[in-house]
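Subject: Handing over the structure, with notes on what was found

Dear colleague,

Please find the structure below, followed by the notes I have put together on it for someone who is new to it.

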Amino acid sequence: MGKYIIKRIIYMIFVFFVMSFVLFFLYNMIPGDPARAQLEPLKNKLTPEEYQYRYEQLRKTMGLDDPLIVRYGKWIRNTLKGDLGMSIVYKQPVIEVVKTPLKNTVFINIFAIALALGITIPLGIHCAVKKNSLFDKTVQVLTIVGYSIPVFIIVLLFIYVFAVILQWFPVSGMSTPNFKGTPFQAFLDRLYHLALPLMVLTVGSLGGMTRYVRAAMIEALSMDCIKTARAKGLKEKVVIYSHAWRNALLPVITLIIGWLMSVFSGSLVVERMFNLHGMGKFYIDALSNQDYNVALAIQMFYIVIALIGNLITDLSYGLVDPRVRVNR
Amino acid sequence: MNANKNSNNKKPSFLYLLFTKLFGGKKQLSLLEEEQMESPFRIVINNFKDNKVAMTGLIVFILIFIFVMVGPYFFPIDLSFAETSQQNVPPGFDLMKVPKELQGKIQQISIGPTFSVGISTDGKIYVWGKTKVTKAIDVKNMPKNMGKIVKVAAGYDHILAMNDKGQLFAWGSNRNGQANIPPEVAKLDNIVDIKAGYQCSMVLTADGYTYFFGNSMNNDYNPNHKYQGQIAQIELTSDAVVGLTFDGQVVYLGYQQNSYSNIPENMGKVVDIATTASTIAAVNEEGRVFVWGNVTKGEGDVPHTESKIVDIQGGRYHYSAITEDGKVVAWGANYYKQASVPKKLQQLEVTKLFTGYYQNYAVTKDGKLITWGLKGYPLGTDDLGRDILTRLVHGGFMTMTVGAIAVIISTIIGVIIGSISGYFGGRTDMILQRVTEMISSLPFLPFVMILSALIGNSMDTNQKIMLIMVILGLLSWPGLSRLVRAQVLSVREQEYVTAARAMGVKQINIVFKHILPNVISVILVSATLDFATCMLIEATLSFLGFGVPAPYPTWGNMLYGSNNSTVIQNYWWRWVFPSIILGICVICINVIGDGLRDAIDPRTQER
């Protein structure tokens with residue numbers, strides 16, 4: 001097992017470097033000259049010769065004439081040291097700028113995932129137990145609808161129903177501007193503003209997850225041990241929740257672990273549509289403002305998250321179920 | 001089989017068959033008959049046919065498919081089209097629905113962008129069409145107790161009316177003071193004509209004086225023009241004023257020197273003038289028509305008429321005219337059929353003709369009303385005045401094309417990589433698996449966005465569409481390749497493969513000619529489901545503004561810009577229709593995919 005983990009981590013690092021190079025290469029394809037951009041404000045104060053001299057100096061210090069691989073080396077060294085460059089829009093180090101949206105995203109996603117799990121697991125189990133009943137069939141159809149409809153349509157629909165017609169929740173934003181009150185009131189205010197995005201995130205993930213839980217549970221219910229348990233005369237409740245659910249948990253838990261990593265990534269669509277200051281919206285804003293240092297940093301962050309997520313998912317197969325040998 | 005044939009000699013109708021196939025009523029076969037079912041392919045089809053949900057999905061999808069494939073031929077699209085006067089028009093066909101009470105006694109009709117106002121011979125006023133100009137302003141809300149109305153004029157977003165005592169009334173939008181009757185106009189008692197234009201109103205008195213109120217920045221009008229006291233008729237383009245003097249001379253009433261003021265010489269005595277949004281037309285005593293201004297949409301192509309033209313009317317970009325013997329001709333822009341005079345009008349004698357924007361109303365000698373032009377929009381218009389149905393059809397075509405090509409690319413890559421890596425195993429497998437994992441560990445949406453933003457910013461629209469297809473195809477194959485690899489692994493040790501190998505068939509032929517046909521069903525299901533996914537991703541990307549760029553419609557980018565409460569609340573048709581059709585289409589494809597999987601592998605159905 002230890003050997004396998006080390007192998008996986010080495011492989012992960014390899015992938016990380018390959019991906020970072022690819023991304024760095026992509027960002028270097030953008031037309032633009034950072035040295036000229038930096039000198040632009042001084043252009044009128046300098047004579048042309050002086051300007052040309054300063055410009056060439058700057059190009060040298062910034063290393064713009066070096067071959068791509070040298071520049072990549074410099075950049076990756078800085079990145080690994082934690083220096084991701086400056087944000088052009090915010091005029092601050094990227095690390096500082098990213099902190100707030102990351103906090104917001106984690107805050108939103110923890111609630112969303114808890115809600116989604118709280119609904120899908122009981123629903124999936126119930127559907128599996130009452131397989132082919134009217135209820136199950138209805139849920140099956142609804143889940144197909146659920147995972148077929150893109151999130152932005154769900155958002156539009158929810159805004160229309162809950163914010164425009166019923167006016168229960170605000171249309172967008174994270175909190176009331178200039179809110180004054182106790183921390184607890186502030187928390188409640190935040191929840192009030194986040195209610196609609198939370199609902200959308202939950203509904204959006206219901207479809208796929210319910211189907212997954214249901215399939216796992218049906219698989220588990222058809223096992224021989226269930227027949228044995230029933231033959232022993234155990235109560236149906238015990239059979240379902242103690243015998244079957246434990247077996248169904250194996251595939252489900254690996255999915256959940258992978259899912260937990262998405263706590264950090266944030267939904268691009270939902271955050272943008274509700275104007276929540278989270279990672280997803282931050283990323284889109286950085287892309288459309290051409291703040292490429294920020295976009296590159298977030299992209300690298302996403303890749304790291306995905307890689308770690310994959311590793312944990314793979315390892316968890318073995319951890320959850322001792323019968324599975326991961327180091328094939 | 002024979003007995004079965006005999007019992008069916010009465011041929012059931014197509015509809016009966018459709019419904020029995022769809023909603024059950026299938027004849028139970030005996031065991032022997034069931035044995036006679038031939039190929040596994042046949043079984044798959046029959047299984048699929050029995051799945052009612054999947055069949056419904058298939059039929060609905062085929063209908064949508066036909067709709068978007070055939071539709072573009074019926075609804076041609078002009079990508080650069082934009083029409084400010086038709087912005088955000090709700091769905092409906094009532095733009096020319098003249099109220100019953102008015103028919104048969106029409107005194108005058110005046111036409112606005114999406115509404116028309118008419119007065120009857122007994123002085124009653126009626127407004128029809130899409131009368132809600134903005135969220136708050138509805139031109140239907142007219143002042144009360146106006147008395148007997150004798151003249152009416154519809155502007156861009158307001159209406160002007162005058163009663164038999166010479167009193168003026170104005171209502172509708174008043175942002176630029178176009179419905180604010182100034183005191184010196186209110187005390188006039190010899191008004192003969194009123195005109196309402198784009199954010200402005202004009203009044204003409206019997207002694208030839210003109211008065212103007214409203215937005216004087218947009219409309220070029222000089223209140224102290226040298227023809228005060230000589231004007232017999234006035235007309236408004238969307239930004240200028242022209243007049244006709246008592247002695248039949250056309251004059252420009254503004255300050256500027258422009259294409260309007262460049263009035264043709266030697267027109268003779270002009271009897272009538274008319275304007276479109278950007279051109280002016282004059283007809284002289286001999287019936288000759290002169291058109292000048294910014295002629296861009298064929299306003300100057302006056303058709304030949306048998307008798308001379310006596311009366312001319314201007315729409316938004318077209319003209320219509322009555323000849324001496326009561327025949328009607330029309331020319332100019334024709335994209336709403338506003339310049340296509342109905343055939344039945346050729347036999348009738350027209351006495352009154354009212355044209356404005358995209359509508360035409362002709363009253364015949366016996367009082368019959370005939371209309372032609374823009375009736376309305378089946379699904380409304382968007383923020384640039386484009387018809388949503390047209391965009392929906394073309395958008396569907398684009399969305400499906402992008403989805404289909406992306407799926408074809410990803411399926412080809414997935415199948416090749418999956419089967420090679422499954423069949424050959426060893427080091428090849430190792431390397432290909434690592435590549436697959438690398439691609440599948442990419443956060444999909446952010447990465448596609450970055451590619452489209454970075455590579456795409458130096459591309460034109462067509463290249464960008466290609467780029468989206470290729471990116472989607474290049475990044476979405478890992479799932480399929482894993483599936484194919486697993487299938488090939490399970491098949492490759494079977495006897496027929498060993499036999500092929502023993503016979504010395506080339507390895508590459510074994511993979512693609514012997515093994516692949518046996519796993520085609522898995523590929524088919526996966527490709528179907530991937531098609532739905534690709535359509536969704538394209539829609540999401542376009543919605544976020546990183547997909548197919550603006551003038552080309554797709555179902556996703558039609559929703560771009562509808563993400564604010566104003567649009568969601570007031571212009572529901574702009575987001576409801578694209579959402580519905582996209583949703584239904586993806587649901588159908590997913591249902592078909594699920595049905596196919598169940599049909600191919602009946603074991604999964606037990607789940």
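Is Lys105(B) buried, partly exposed or exposed? With a relative accessible area of 30%, Lys105(B) is partly exposed, because buried stands for under 20% relative accessible area, exposed for over 50% and partly exposed for what lies in between, with a 1.4 Å probe and protein chains only.

Before going on, please keep in mind that this is a predicted model, in which local features need pLDDT of at least 70 and side-chain atom pairs count only at pLDDT 80 or more, while totals for chains, interfaces and linings use all residues. Residues are numbered from 1 along each chain as its sequence is written, chains are lettered from A and ligands numbered from 1 in the order in which they are written, and side-chain values use heavy atoms, with hydrogens and water left out.

Salt bridges

A search of the whole structure finds 16 salt bridges over all chains, a salt bridge being a side-chain nitrogen of Lys or Arg within 4 Å of a carboxyl oxygen of Asp or Glu. One of them joins Asp122(B) to Lys105(B), with the closest N and O atoms 3.6 Å apart. This pair links distant parts of the chain, since Asp122(B) sits in the loop between β2 and β3 of chain B and Lys105(B) in the loop between α5 (52–74) and β1 (106–111) of chain B, 17 residues apart; helices (H or I, at least four residues) and strands (E, at least two) are DSSP runs, numbered from the N terminus.

In chain A, Arg214(A) forms a salt bridge with Asp136(A), where the closest N and O atoms are 2.9 Å apart. Here too distant parts of the chain are linked, with Arg214(A) in helix α8 (residues 183–221) and Asp136(A) in helix α6 (residues 134–148) of chain A, 78 residues apart. Both Arg214(A) and Asp136(A) are buried.

A further salt bridge is formed by Arg434(B) with Glu437(B), the closest N and O atoms being 2.9 Å apart. Because Arg434(B) and Glu437(B) are 3 residues apart in helix α8 (residues 426–440) of chain B, they are separated by about one helical turn. Arg434(B) is partly exposed, with a relative accessible area of 27%, whereas Glu437(B) is buried, at 19%.

Strand β2 (residues 115–120) of chain B pairs with β3(B) in the antiparallel sense over 5 bridges, where two strands pair if DSSP finds at least two bridges between them. Within this pairing, Ser116(B) stands opposite Trp128(B) in β3(B).

Strand β3 (residues 125–129) of chain B is mostly covered, as 5 of its 5 residues are buried. In a regular strand the side chains alternate between the two faces of the sheet. In β3(B), Ile125(B), Val127(B) and Gly129(B) point one way and Tyr126(B) and Trp128(B) the other way, and all are buried.

Helix α9 (residues 444–454) of chain B is largely enclosed by the rest of the structure, because 10 of its 11 residues are buried. Among them are Leu445(B), Pro446(B), Phe447(B) and Val448(B).

Met19(A) is placed in helix α1 (residues 2–28) of chain A and counts as buried, at 6% relative accessibility. The C-alpha atoms of Met19(A) and Gly204(A) are separated by 30 Å, and the two residues are 185 apart along the chain.

Which residues other than glycine have a positive phi? One of them is Gln167(A), with a phi near 55°, which lies in the loop between α7 (151–165) and α8 of chain A and counts as exposed, at 59% relative accessibility. Another is Asn275(A), with a positive phi of about 55°, found in the loop between α11 (268–273) and α12 (279–288) of chain A and partly exposed, at 42% relative accessibility.

With best wishes
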